[in-house]
Amino acid sequence: MKTAGIIVIGDEILKGQVADQNIAFLAPRLHNLGIKLQKVSIISDSVEEICKEVAEFSSKYDTVITTGGVGPTHDDVTYEGVAAAFGEKVVVSQEIVKFWSYFTQDPEGKNAATIKLTSIPKSAVVLYPDVPKTSVSKGQFPVVTMKNVIIFPGVPKFLQIIFNALEGSYFSSHGVVFYNKTIYLNASEQEITDVLNGAVEKFSPAVQFGSYPKYDNDYYRVLITLESESMVEVNKAHAFLVSQLHENWIANDGDLLGNAYKNTLKLLNSNKLNDFGPILEKSIQTVEKCFDDFKHDEIFISFNGGKDCTALLHLVHSVMLKKYGEKAYPSITGVYFRPQHAFKEIEDFIHLSAIRYNVNLITRDGPIKQSLHALVKEEGSNWKACLMGVRRNDPNCKNLNYMQETDEGWPRLVRVSPILDWTFQDVWTYLKELHVPYCPLYDRGYTSLGNALNTKPNPALEYVDEDGRICYKPAYMLREGGMERRGRMQEQEVTPQ
């Protein structure tokens, strides 16, 4: 595995006059590329300090990143410090003079600011990655490197632009993939120390463990993380650690599930819901009536991984916890009608949700009507009710009732639609207030999910970031619910969203 060190240079950082933002950007990006960040150092604008730190880092790590100290003023001495680390002096680079003349109006490189800006280590190599045009870039940006050291500006905007441009070449992925597991605990770090130490001793260094106390939520007290380059090892370590922990220490997904009904009632009784409060109460009553009228094995839930049926699944789980209790909690059947060209992210989320909510998942290819007829004959002869996550603004759902028999031509079932009167904003209020996990596509600007060919991020959430890249805000930031389906290029038969 490749290693890296970061040297942050700047008196203003050490004095607290400027808050560093670059470490928070670089650390996860390096990690995702399979480059292990070993050390971060923050030092002053001193040639001697820079020289010493760069020399040490360069001898220890495969890549050294410096940030800051490359401007035109007296305290910008990074180039001098890096040159000194390798026994060199700085010289004016005529190619950089030519580059900066576009902005400095000094093509001969005679004024002090230009000389300072373009004096780099004698044997340095200058990269010119293509970057978005900005007030200080005409589509390229000179980046000075020397041996295994790459010198970045300290301004976060420019650092990020340059890193993005170099990510596929200078900072290329090294084929390392990290596999992760998490465990949420309703126990203190003191209580779990011996068990955790035993797991570390057994599986380290193949698996790295982290323990993080949490004081700002109602769901868990400690988060344990496990990470490895081997999926097999991280799974073995996770299974071992769980087997050694007391059962009552473990909080399912941060106690989202074990206390789901209590937390739903807490939300219902809060002052956060306004008009949504009575609607949520009606939804709870509808689910309760469904489980009063039918046995749990006579009911299945249609689940396609979308936000609406995710909210419904969590609501159903909450009501089942109240009715059956956690110890006697039965499995419920879920049916996923797979469309053509399904998103991988959706299918991964569906299978994870089936584990999370103790769902007996059945997957069948669409079309829905034909598949459901075959499924009822094949596996669901006892089914009498189907829980659906439809809302009134979905196609052909305007005149539905909360509970009604299916239309002619469909298998004879009672169709139960508890969230029928929820708005787009209501769905996100429920998911966000109760911290319910949802499909990650929604954080990328998708607001209504079909398949990978007919669905794209919602253009109403589009924006251009500081680097000139087109990005999308997460779905829950869409303020106008009537624009929810703008990312759907065509309508076709779908299950609840």
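Me: Which strands does helix α7 lie across?
Reply: Helix α7, residues 156-166, lies across β3 (63-67), β6, β7 (143-146) and β8 (149-152). Against β8 it runs at about 140°. Keep in mind that this is a predicted model.

Me: How do I read the sheet itself? What is the order of its six strands?
Reply: The general idea comes first. Strands of a sheet pair through backbone hydrogen bonds, either parallel or antiparallel. Here the sheet is open, with the order β2-β1-β3-β8-β7-β6 and mixed pairing. The edge strands are β2 (35-43) and β6 (125-127), and each pairs on one side only. On average, neighbouring strands of this sheet are turned by 25° against each other, direction ignored.

Me: In which sense do β1 and β2 pair, parallel or antiparallel?
Reply: Parallel. Strand β1 (residues 2-9) and β2 share eight bridges.

Me: How many bridges join β3 and β8?
Reply: Four, again in the parallel sense.

Me: Are the faces of β8 covered or open?
Reply: Both are covered. V149 and I151 are buried on one side, I150 and F152 on the other.

Me: Now helices. How is a packed pair described?
Reply: Two packed helices are described by the angle between their axes and the distance between the axes. Take α8 (residues 189-203) and α9 (residues 231-244): the angle is about 150°, and the axes are 10 Å apart. That makes α8 roughly antiparallel to α9. The crossing of α8 past α9 is right-handed.

Me: Which residues make that contact?
Reply: From α8: V195, L196, G198, A199, K202 and F203. From α9: E233, K236, A237, F240, L241 and Q244. By type, the contact holds seven nonpolar, two polar and three charged residues.

Me: Why is helix α4 largely enclosed by the rest of the structure?
Reply: Count its buried residues. Burial here means under 20% relative accessible area. Six of the eight residues in α4 (residues 78-85) are buried, so the helix is largely enclosed by the rest of the structure. The buried ones are T78, Y79, G81, V82, A83 and A85.

Me: What follows α4?
Reply: G87, with a positive phi near 70°.

Key:
Residues numbered from 1 in each chain as written. Predicted model: local features only at pLDDT ≥ 70, side-chain atom pairs only at ≥ 80, totals over all residues. Heavy atoms only, no water. Buried < 20%, exposed > 50% of the residue type's maximum accessible area, 1.4 Å probe, protein only. Helix = DSSP H or I, 4+ residues; strand = E, 2+ residues; numbered from the N terminus. Axes fitted to C-alpha atoms, helices over the stretch in contact; angles between N-to-C directions. Parallel < 35°, antiparallel > 145°, perpendicular 65-115°, else oblique. Left-handed = near helix turned anticlockwise from the far one by under 90°. Contact = heavy atoms within 4.5 Å. Nonpolar A, V, L, I, M, F, W, Y, C, P; charged D, E, K, R; others polar. Pairing = 2+ DSSP bridges.
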